[in-house]
Amino acid sequence: MIPIIPIAVAPAPTVDSGSGLTAPPPLALYVHWPWCVKKCPYCDFNSHENRTAIDDAAYLAALIADLEAALPQIWNRPVTSIFIGGGTPSLMRAETADALLAAIRMRVPLHPGAEITLEANPGTAEAAKFAAFREAGVNRLSIGVQSFDDAKLAALGRIHDSAEAQRAIDMALNNFDRVNLDLMYALPQQTLAEAERDIATAIGTGRQARRQQKLALPAQPQLLDLRRLPGHRRRRAQQALEPRNHLA
Ligand SMILES: C[S@@+](CC[C@H](N)C(=O)[O-])C[C@H]1O[C@@H](n2cnc3c(N)ncnc32)[C@H](O)[C@@H]1O
Ligand code: SF4
């Protein structure tokens, strides 16, 4: 399924007083890849362990058919971002990503500066594949690190350890200007100091964007709510989360 989400909340088409033409509001496109190497026990996303070879061609054809069915509703509206999420879309063959983005470009007006993100699991990171995703047009990689603590990663049932996460980050930095790291907090037996150490390690990798999500069992993920932290902890967390503009 390709949900197509208006970027702004129901803006009425604006009228250009000069020409009298209306400007359709832009769209963001989300593309779902539902397969993973292994289903993590905590995850309630629409994601499934793939036990047989994935038929990329059949899935791509289904995605294109879905997009074409939506075209009458979105005619002529510019797409300013694409997010290829999962599941683990880094399992996708690079040729599939290339064909997917070409198919989207042929059907919708993709803004030349559009952000195109793909989610990757560190256990599936390959330098050549990251380079091929970049070549296909992906310009932002989002890596599911979760924690830099091997014991926590093992408790979560992750397929990678901290060293593999670091290697995946290095590979991503060699290929992409924009890299996001996902971290989760409120992990079993995790102290606030441990969660802060994960944030500090993520900052130390040189990344600007970090997404912190509280481990949600079994509810949906929530965003870190700084307002719930006591004053001095909140200030420390805010400082840690501030983007460092001098970093790439
Ligand atoms: C759909 S996953 C994509 C990344 C990739 N599949 C991976 O796990 O490395 C997106 C992110 O959702 C978050 N997530 C998954 N299950 C969660 C849960 N139960 N609570 C909080 N965050 C969760 C993780 O941070 C994960 O990186
Ligand atoms: S957290 Fe990521 S790798 Fe784990 S099951 Fe969910 S989507 Fe798949």
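**Questions on a predicted model**

Me: In this predicted model, which residues are around ligand 2, and how do they divide into nonpolar, polar and charged?
Reply: The shell around ligand 2 consists of Cys36, Lys39, Cys40, Cys43, Phe45, Ser47, Gly86, Gly87, Thr88, Asn121 and Gly144.

Me: How many helices and strands does the chain have, and what percentage of its residues is buried?
Reply: Seven helices and twelve strands make up the count for the chain.

Me: Among contacts between residues at least 6 apart in sequence, what percentage joins residues at least 24 apart?
Reply: The set considered holds contacts in the chain between residues at least 6 apart in sequence. Within that set, the share joining residues at least 24 apart is 72%.

Me: What distance does helix α1 reach from its first C-alpha to its last?
Reply: Helix α1 covers residues 56-74, which is 19 residues. At 1.5 Å a residue, the expected value is 27 Å. The model is close to this, with a reach of 26 Å.

Me: Which residues of strand β4 form its covered face, and which its uncovered one?
Reply: In a regular strand the side chains alternate between the two faces of the sheet. In β4 (residues 27-33), Leu27, Leu29, Val31 and Trp33 form the covered face. The uncovered face holds Ala28, Tyr30 and His32.

Me: Which residues does alanine 172 touch, not counting residues up to four places away in sequence?
Reply: Beyond four places in sequence, alanine 172 touches Phe130, Leu141, Ile143 and Val179.

Me: Which residue of β10 is the bridge partner of glycine 144?
Reply: Strand β9 (residues 140-146) is mostly covered, with six of its seven residues buried. Four bridges join β9 to β8, and six join β9 to β10, where the strands run parallel. Glycine 144, which is also around ligand 2, has as its bridge partner in β10 aspartate 182.

Key
Residues are numbered from 1 along each chain as its sequence is written. Chains are lettered from A and ligands numbered from 1 in the order in which they are written. This is a predicted model: local features need pLDDT of at least 70, side-chain atom pairs count only at pLDDT 80 or more; totals for chains, interfaces and linings use all residues. A residue is near a molecule or strand if its C-beta atom, placed from the backbone, lies within 6 Å of it. Helices (H or I, at least four residues) and strands (E, at least two) are DSSP runs, numbered from the N terminus. Two residues are in contact if their C-beta atoms, placed from the backbone, lie within 7 Å. The expected span of a helix is 1.5 Å times one less than its number of residues. A residue is buried if 20 or more other C-beta atoms lie within 10 Å of its own, exposed if 12 or fewer, and partly exposed in between; C-beta atoms are placed from the backbone. Two strands pair if DSSP finds at least two bridges between them.
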